[in-house]
Amino acid sequence: MSTSRADAIASHVEAAKRILAELEEHATTAISALARDGGAEFFAAVDERSRVLAELDAVVEALAHERASQDPAHEDPATGALLSEMARAAAAALESHELLVAQTRLERDRLAAAMQRANRPDSVAIQYATAVVGPGLRTFSVTG
């Protein structure tokens with residue numbers, strides 16, 4: 001493999017690793033925002049993750065193009081090591097993504113349960129209202 005191709009692949013791998021680390025950071029930010037009920041901060045982190053994923057897509061596409069243009073029989077061992085590093089970074093980013101998904105589901109379920117409780121009649125309040133008002137309705141006339 002030519003040195004320029006090896007350098008290009010190394011450059012793309014380094015960019016991918018940087019972007020994957022940034023994805024992990026945004027996942028951590030989003031999880032922290034969920035814990036603090038920071039809705040705006042959570043959505044900002046998720047939006048930023050979407051932007052970073054688009055950036056990662058472009059880097060992976062460029063890397064795939066470089067790899068496709070090389071002769072597989074003459075692959076440099078250093079390239080394999082670089083790709084292994086990138087795979088480890090991708091696995092860590094995927095793990096943080098899965099944690100974010102799990103925390104988001106827990107928060108969604110917590111909020112859904114709170115909504116259900118809020119929509120349910122309060123039995124203590126109903127008993128109190130019945131005891132104060134009595135079994136029948138009482139009316140008051142201002143005209144006599």
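**Exercise 1. Overall make-up**

What percentage of the 144 residues of the chain count as buried?

*Solution.* The model is predicted: local features need pLDDT of at least 70 and side-chain atom pairs count only at pLDDT 80 or more, while totals for chains, interfaces and linings use all residues. Residues are numbered from 1 along each chain as its sequence is written, and side-chain values use heavy atoms, with hydrogens and water left out.

Step 1. Apply the burial classes: buried is under 20% relative accessible area, exposed is over 50%, and partly exposed lies in between (1.4 Å probe, protein chains only).
Step 2. Of the 144 residues, 26% count as buried.
Step 3. Turn to the secondary structure, where helices (H or I, at least four residues) and strands (E, at least two) are DSSP runs numbered from the N terminus. The chain has 4 helices and 0 strands, in the order α-α-α-α from the N terminus.
Step 4. Take contacts as heavy atoms within 4.5 Å. Among contacts with a separation of 6 or more, 79% are between residues 24 or more positions apart.

**Exercise 2. Salt bridges**

Determine how many salt bridges the chain contains, and describe the pairs K17 with E14, E22 with R51, and E41 with R36.

*Solution.* Step 1. Side chains of opposite charge can pair when their charged atoms come close. The criterion is a side-chain nitrogen of Lys or Arg within 4 Å of a carboxyl oxygen of Asp or Glu; the count comes to 11 salt bridges.
Step 1. In the pair of K17 and E14, the closest N and O atoms are 3.2 Å apart. The two residues are separated by about one helical turn because they stand 3 residues apart in helix α1 (residues 3–35). E14 is partly exposed, at 40% relative accessibility.
Step 2. E22 and R51 form a salt bridge with an N to O distance of 3.2 Å. This pair links distant parts of the chain, since E22 belongs to helix α1 and R51 to helix α2 (residues 39–68), 29 residues apart. E22 is buried at 18%, whereas R51 is partly exposed at 39%.
Step 3. The side chains of E41 and R36 meet at 2.3 Å, N to O. E41 has a relative accessible area of 35% and is partly exposed; R36, at 49%, is also partly exposed.
Step 4. Shared partners join R18, E22, E48, R51 and E55 into one salt-bridge network.

**Exercise 3. The aromatic pair**

Classify the pair formed by F42 and F43.

*Solution.* Step 1. Rings of Phe, Tyr and Trp (its six-membered ring) pair if their centres lie within 6.5 Å; planes under 30 degrees apart are stacked, over 60 edge-to-face, and the rest tilted.
Step 1. F42 is buried at 11% relative accessibility, whereas F43 is exposed at 53%.

**Exercise 4. Helix packing**

Describe how α2 and α3 are arranged.

*Solution.* Step 1. Axes are lines fitted to C-alpha atoms, for helices over the stretch in contact, and angles run from 0 to 180 degrees between N-to-C directions. The axes of α2 and helix α3 (residues 77–119) come within 14 Å and cross at roughly 155°.
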